[in-house]
Amino acid sequence: MKHYLFFAQLSYSYSILRPLQQEIWRRGDDVAWYLEDSCPDILVEGEKRLYAINEVMAYNPIAVFAPGNYIYDFFPGVKVAVFHGYPMKKRIEKIDDHFTLRGWFDIYCTQGESSTPYFQYLEKKNGYFKIYETGWCKMDSFFKSKLEAEPKRDRPSILYAPTFTKGISSAWVMEPVIRELAKEKDWNWIITFHPKLQTDTELIAKFEQLDKDFPNVDFRKMNKGLETFRESDVLLCDSSSLIVEYMMLDKPVVTFRNTHPGDFLIDVQELDEIGPAIERALTCPNDLMQNIRAYTSEHEGHRDGQNSARVLDAVDDFILNYQGKIKKKPLNLFRKLKLRWQLKYFKW
């Protein structure tokens, strides 16, 4: 029986890694979770958690999967990046953080046309990791869900989920807009924040008050991905990579000052344009929906529900053909020492 480990830093890790967990179990293998302090424990019955480093060492996984930007180099196993979203430039003047190399990973499991070619270029240039286009494991549940009927709604439901990126997030200007629309429109509102936004207590308090003031506003601590998306008809956002995920369900998105707008979005520049834009999105215009399908196909190359299977197959192929045979990862001495100091772990 093979052992695998999930390295979870934030709450979004659950919806990304659980489809992969299902495939591991289907193959008769075992998987455990190691949660950073920043990740809430919402594991359910049947899911295994390892609490201490010595438990991880004894478990001895053949691979460790991380949706975040770093991983502990001293954990056993092949280090696999499975990403926490699709590549979406947020700042025009910067290279997309999606492609930043930090020297932690042996494998990058890319998602499709928007990510694979550039990572292949980086692989050829650097030589210490391998690229496998597997599709994003999170999407397995999305494409399988299309065969199921969504929960019935008596009126339209709008999901508001802003990015956390400073200077781009709409969170600090959107509360009065939603307050006014909650009064005027016969819509339900679901509001969720990225975990990194939830440290702003003043901002959180404003939206919690909104929840108290209106029965049609539901402010939630956590966005459960597919489960949350299926409860809504339109996403209101800014420049979050969540946009691509939402559109995978053939649902329209309204954005406020998106940094890279296109014909697959209804993007507005002024706050008073948001209401009419949502009205239009709720009609699902045919040209918009066609553009959405064309755009999402660039990001996700595999829609057969087998992305997680390809991720595990990639690990097997790497171990068989490349482990110990390619260039060594960068020393990363400062970063390694920093992590060890935080954990008070100094073995090499």
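Is A8 buried or exposed? I looked it up: A8 is buried, with a relative accessible area of 0%. Buried means under 20% relative accessible area and exposed means over 50%, with partly exposed in between (1.4 Å probe, protein chains only).

**Ground rules.** I am working on a predicted model, in which local features need pLDDT of at least 70, side-chain atom pairs count only at pLDDT 80 or more, and totals for chains, interfaces and linings use all residues. Residues are numbered from 1 along each chain as its sequence is written, and side-chain values use heavy atoms, with hydrogens and water left out.

**Entry 1: A8.** I placed A8 in strand 1. Helices (H or I, at least four residues) and strands (E, at least two) are DSSP runs, numbered from the N terminus. I listed the contacts of A8, leaving aside its neighbours within four places in sequence: S13, W33, Y34, L35, E36 and C39. Contact means heavy atoms within 4.5 Å. I also checked D37, which lies 29 residues from A8 along the chain; their C-alpha atoms are separated by 9.3 Å. Across the pairing, A8 stands opposite L35 in strand 2.

**Entry 2: strand 1 and strand 2.** How many bridges join strand 1 to strand 2? I found six, between strand 1 (residues 3-8) and strand 2, and the two run parallel. Two strands pair if DSSP finds at least two bridges between them. Y4 has V31 of strand 2 as its bridge partner. I then looked at burial in strand 2 (residues 30-35). Six of its six residues are buried, so strand 2 is largely enclosed by the rest of the structure. Both faces are covered, with D30, A32 and Y34 buried on one side and V31, W33 and L35 buried on the other.

Entry 3: I traced an open sheet of seven strands, in the order 3-2-1-4-5-6-7, with parallel pairing. Its edges are strand 3 (48-49) and strand 7 (130-133), each pairing on one side only. Helix 1 packs on this sheet and touches strand 1, strand 2 and strand 4 (63-66). The direction of helix 1 makes about 160 degrees with that of strand 2. Axes are lines fitted to C-alpha atoms, for helices over the stretch in contact, and angles run from 0 to 180 degrees between N-to-C directions.

**Entry 4: helix 1 against helix 11.** The axes of helix 1 (residues 13-26) and helix 11 (residues 307-321) come within 9 Å and cross at roughly 70 degrees. The two are therefore roughly perpendicular to each other. Angles under 35 degrees count as roughly parallel, over 145 as roughly antiparallel, 65 to 115 as roughly perpendicular and the rest as oblique. I noted a right-handed crossing. A crossing is right-handed if the near helix is turned clockwise from the far one by less than a right angle, and left-handed if anticlockwise. Which residues of helix 1 and helix 11 meet? I listed P19, L20, E23 and I24 from helix 1, and S308, A309, V311 and L312 from helix 11. This contact divides into six nonpolar, one polar and one charged residue. Ala, Val, Leu, Ile, Met, Phe, Trp, Tyr, Cys and Pro count as nonpolar, Asp, Glu, Lys and Arg as charged, and the others, Gly among them, as polar.

**Entry 5: T134.** I found T134 in the loop between strand 7 and helix 4 (139-145). T134 is buried, at 2% relative accessible area. Neighbours within four places in sequence aside, its contacts include H302, N307, R310, V311 and A314. C109 and T110 are also among them.

Entry 6: I191 stands opposite F219 in strand 10.

**Entry 7: helix 5 and helix 6.** The axes of helix 5 and helix 6 come within 10 Å and cross at roughly 15 degrees. That makes helix 5 roughly parallel to helix 6. I noted a left-handed crossing here.
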